[in-house]
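Hello,

Here is the structure we discussed, with sequence and coordinates below.

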Amino acid sequence: MTWLLLLPLALVAGMAAPTQFAINSQLRQVVGGPVLAAALSFLIGTVVLIAATALVRRSVPELGSITGAPWWMYLGGFLGAFYVVASVILTPRLGAATTIGLFLAGQVVASIGIDHFGWFGVPIQQATIPRILGALLIVVGVAIVQRF
């Protein structure tokens with residue numbers, strides 16, 4: 001039952017990425033640069049997330065739990081900003097399919113490393129030959145998408 005709910009969510013979230021890339025690439029042309037386009041995208045996303053948090057939590061989190069987190073836990077915002085700016089720069093040059101394919105290949109390679117070493121508190125899953133071959137197939141798929 002859980003997979004029946006999670007699979008559509010994952011697919012829709014995956015479809016959101018190339019859509020966001022294409023929209024932000026057009027926004028870049030209107031506002032005059034990739035960093036400002038990404039900043040505006042994040043600003044809107046921040047407003048939406050604050051509103052959603054207010055609806056879900058109905059309370060303000062304690063400041064101690066926020067300030068007590070290890071420094072590396074705040075890298076998510078930096079990495080998200082890098083991801084969005086990179087997408088705004090790459091999508092008009094490479095196209096949405098190639099950009100997403102390269103991002104996906106990078107995500108799978110990094111994910112295998114994170115899983116294998118258990119970085120950031122993720123449960124350890126060995127980097128087996130089938131998992132590595134799967135990552136290589138994604139890279140081959142990207143090459144095929146780019147070439148044809």
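Helix H1 (residues 2–31) and helix H4 (residues 75–94) have axes that come within 8 Å and cross at roughly 80°. H1 is therefore roughly perpendicular to H4 (65 to 115 degrees counts as such). Axes are lines fitted to C-alpha atoms over the stretch in contact, with angles from 0 to 180 degrees between N-to-C directions; helices are DSSP runs (H or I, at least four residues), numbered from the N terminus.

This is a predicted model: local features need pLDDT of at least 70, side-chain atom pairs count only at pLDDT 80 or more, and totals for chains, interfaces and linings use all residues. Residues are numbered from 1 along each chain as its sequence is written, and side-chain values use heavy atoms, with hydrogens and water left out.

Residues in the H1–H4 contact (heavy atoms within 4.5 Å) include Phe21 and Arg28 of H1 and Tyr83 and Val88 of H4. By class, the contact has 8 nonpolar, 5 polar and 2 charged residues.

Ser41 sits in helix H2 (residues 34–57). Ser41 is buried at a relative accessible area of 17% (buried means under 20%, with a 1.4 Å probe and protein chains only). Not counting residues up to four places away in sequence, Ser41 touches Gln20 and Asn24. The side chains of Ser41 and Asn24 make a polar contact at 3.4 Å (a donor–acceptor pair of N or O atoms within 3.5 Å).

The largest nonpolar core has 5 residues: Ala37, Ala38, Val84, Val85 and Val88 (buried nonpolar residues joined through side-chain atoms within 4.5 Å). H4 gives the most to this core, with 3 residues.

Regards

Conventions
Helix = DSSP H or I, 4+ residues; strand = E, 2+ residues; numbered from the N terminus. Parallel < 35°, antiparallel > 145°, perpendicular 65-115°, else oblique. Nonpolar A, V, L, I, M, F, W, Y, C, P; charged D, E, K, R; others polar. Buried < 20%, exposed > 50% of the residue type's maximum accessible area, 1.4 Å probe, protein only.
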